[in-house]
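Visitor: I'm new to this one. Could you walk me through how to read it?

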Amino acid sequence: MQITWKSPSNIALIKYWGKHGEQLPNNASLSLTLREAHTITSLALQKKRSKKDIELDFKFAGDQHPKFAAKLELFLSSLKNDFPWLNKNRLVLRSDNSFPHSAGIASSASAMSALALCLMSVERMQTGKYTDDASFLQKASHYARLGSGSAARSLYADFTVWGKTPVVKGSSDLFAIQSPTQFHADFHELQDSILIVSNQEKSVSSRAGHALMNNHPMAAQRYKNARKRLEDLLGALETADWDMFCKTVETEALELHALMMTSDPSFILMHPNTLAIIERIRFFRATTNIPVCFTLDAGPNVHVIYPYFAKKQVRNFIQSELLKFCHKKTVIYDQMGDGPSMLI
Ligand code: PMV
């Protein structure tokens with residue numbers, strides 16, 4: 001039996017930063033599901049060959065990867081009560097990303113969601129449960145969350161919300177849901193061009209990063225801001241209020257970095273070229289009135305966000321003015337995606 005899933009990455013427009021309990025978010029976040037940046041993972045069960053509790057044969061992009069394998073073994077071991085077949089079989093797991101491993105883009109969201117989907121597919125076959133898509137995806141989002149919080153949001157198309165909030169009906173801390181807000185046609189095929197400023201791995205792991213929020217002097221204000229911005233963003237998506245959209249998305253990105261800069265210990269994850277790109281995006285927007293803005297992950301790379309109708313002008317602008325700030329002129333052109341799919 002072999003199961004294969006393709007699952008996308010996502011970029012948060014309202015950031016999740018700070019958690020408690022078992023991977024529970026301290027505020028609700030909202031993300032854009034991507035189309036191009038994805039992981040393909042396949043899982044096959046074979047007869048066990050050893051007495052090892054979790055017998056994992058893992059390859060990433062065709063090669064052994066002891067560091068990832070060790071993490072995966074721990075994760076799978078933590079799930080063996082939920083999936084009793086995990087330690088009764090040899091698990092042959094193969095995984096690959098559509099984007100270069102060393103591109104400096106986090107792959108945990110696509111990787112953990114693809115793995116969760118494989119686990120749920122086997123579980124469905126073994127138990128005959130989760131036959132409807134809704135309960136299947138909800139549970140997959142739950143397990144993706146346990147692997148990496150942001151992965152919970154990769155299970156659905158378009159915009160996804162994770163974290164309980166009174167402003168989104170059906171939202172939960174345990175799993176993400178597709179945003180029920182009817183978004184304006186302007187946002188269909190929303191573009192995300194990822195400018196690779198550096199291909200280095202992050203200097204702060206997200207586990208350590210989230211922990212910095214525990215004693216952060218600005219924590220209470222941060223969660224208040226995130227709540228207000230989620231409302232503002234949902235409103236902007238409904239009415240195509242591009243000014244509000246750009247302001248909210250950029251403030252979220254800068255606040256995430258402000259929190260890291262003012263943590264103890266402090267981290268500055270932007271590079272000089274990150275700031276050079278940000279300045280030029282703001283200047284371009286102010287002088288052309290084209291709605292284009294930026295967001296950042298916990299690193300120096302810049303996600304340039306803009307509507308499909310401005311694709312030509314913004315791509316020209318990226319090519320002529322921003323490419324020079326990128327590592328080996330690398331840009332990944334991505335856009336709103338449809339969520340995961342099972343491959344035969
Ligand atoms: O999913 P994690 O634990 O790697 O945390 C992700 C945190 C950010 O990427 C910085 C923000 C987010 O909401 O994706």
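Guide: Let's begin with one cysteine: C326 is buried, at a relative accessible area of 8%. Buried means under 20% relative accessible area, exposed means over 50%, and partly exposed is in between (1.4 Å probe, protein chains only). This is a predicted model, where local features need pLDDT of at least 70 and side-chain atom pairs count only at pLDDT 80 or more, while totals for chains, interfaces and linings use all residues. Residues are numbered from 1 along each chain as its sequence is written, and side-chain values use heavy atoms, leaving out hydrogens and water.

Visitor: How many disulfides does the structure hold?

Guide: A disulfide is a pair of cysteine sulfur atoms within 2.5 Å. Here there are zero. For C326, the nearest cysteine sulfur belongs to C293 and is 17 Å away.

Visitor: What percentage of the residues in the protein is buried?

Guide: Of the 344 residues, 57% are buried.

Visitor: And which residues do the contacts join?

Guide: A contact means heavy atoms within 4.5 Å. Taking contacts between residues at least 6 apart in sequence, 73% join residues at least 24 apart.

Visitor: What are the spans of the C-alpha trace along its principal axes?

Guide: They are about 65 × 45 × 40 Å for the protein.
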